[in-house]
Amino acid sequence: MAAAEPATGGGPEVTEVKEIDPVIAEVPSDAVTQDRYLKHPLQNRWALWYFKNDKTKSWTENLRLIAKFDTVEDFWALYNHIQQPSKLLFGCDYCLFKDGIKPMWEDDKNKKGGRWLMTLTKQQRHNDLDRYWLETLLCLIGEAFDEHSDEVCGAVVNVRPKGDKISIWTGNCQSREAVTSIGQSYKERLGLPMKALIGYQSHDDTSSKSGSTTKNLYTV
């Protein structure tokens, strides 16, 4: 099994939060007890996953479902009560995927797809990582890619010693028009300069790479 990067170093349905990791706080009950009719529904139901880099466990054992949500209010109730990516230990990930899609290459909805990948410097962990991740989440739940939003499967943030990574996963790497449109919109939403290129890689190429880098199918 593999996610975006192998680890090297009445409200939202909260699952086993206390057992996942002490850095993740349980969502208080009073934050999610509003009557449902007062909430603003999202177009899709989403699941937030957490990967803890515990060397004594298998990859699948380290991946835990934190919660599912399908309203704006439940998203913020969850987001405001978990640690920011910059506070996670090295080797840990957050993954936000549409309900029914697991954050792994082998999932049927992911295996023919790929990811737009942005690698951050060590300095950006303190300045940009949390801001970029929140904007990524808002792009997903807000269906920011217009008619191509259906192509989006989820997003992953990898916290790593050499530099953190954020990626948006799509379901079909051969859908050039949709994939490049998503990449361009994503780059604009993050406010990246024109000269800062981000690349798109297929999961097949990433999983079979022999070196430390994977070739890009597309760049924007």
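## Lining of the largest cavity

α3 contributes the most to the lining of the largest cavity, with three residues. Each of α3 (72–79), β4 (93–98) and α5 (129–141) supplies at least two residues of this lining. Helices (H or I, at least four residues) and strands (E, at least two) are DSSP runs, numbered from the N terminus. A cavity is a set of points on a 1 Å grid over the protein atoms alone where a 1.4 Å probe fits but cannot get out, and lining residues have an atom within 4 Å of a point.

The largest cavity holds about 90 Å³ of space. Its lining has 13 residues, of which Leu 48, Tyr 79, Ile 82, Trp 133 and Leu 137 are the closest to the centre. By class, eleven of the lining residues are nonpolar, two are polar and none is charged.

## Basis of the model

The model is predicted: local features need pLDDT of at least 70, side-chain atom pairs count only at pLDDT 80 or more, and totals for chains, interfaces and linings use all residues. Residues are numbered from 1 along each chain as its sequence is written, and side-chain values use heavy atoms, with hydrogens and water left out.

## Nonpolar cores

A nonpolar core is a set of buried (under 20% relative accessible area, 1.4 Å probe, protein chains only) Ala, Val, Leu, Ile, Met, Phe, Trp, Tyr and Cys residues joined through side-chain atoms within 4.5 Å. In the largest core, of 42 residues, Met 118 and Tyr 186 have the most contacts inside it. α5 provides the largest share of this core, seven residues. Another core, apart from it, has 13 residues, including Trp 59 and Phe 97.

Definitions and conventions
1 Å grid on protein atoms, 1.4 Å probe; cavity = no way out; pocket = protein on both sides within 12 Å on 5 of 7 lines; lining within 4 Å. Points joined across faces, edges and corners; volume = space filled by probe spheres on them. Nonpolar A, V, L, I, M, F, W, Y, C, P; charged D, E, K, R; others polar. Buried < 20%, exposed > 50% of the residue type's maximum accessible area, 1.4 Å probe, protein only.
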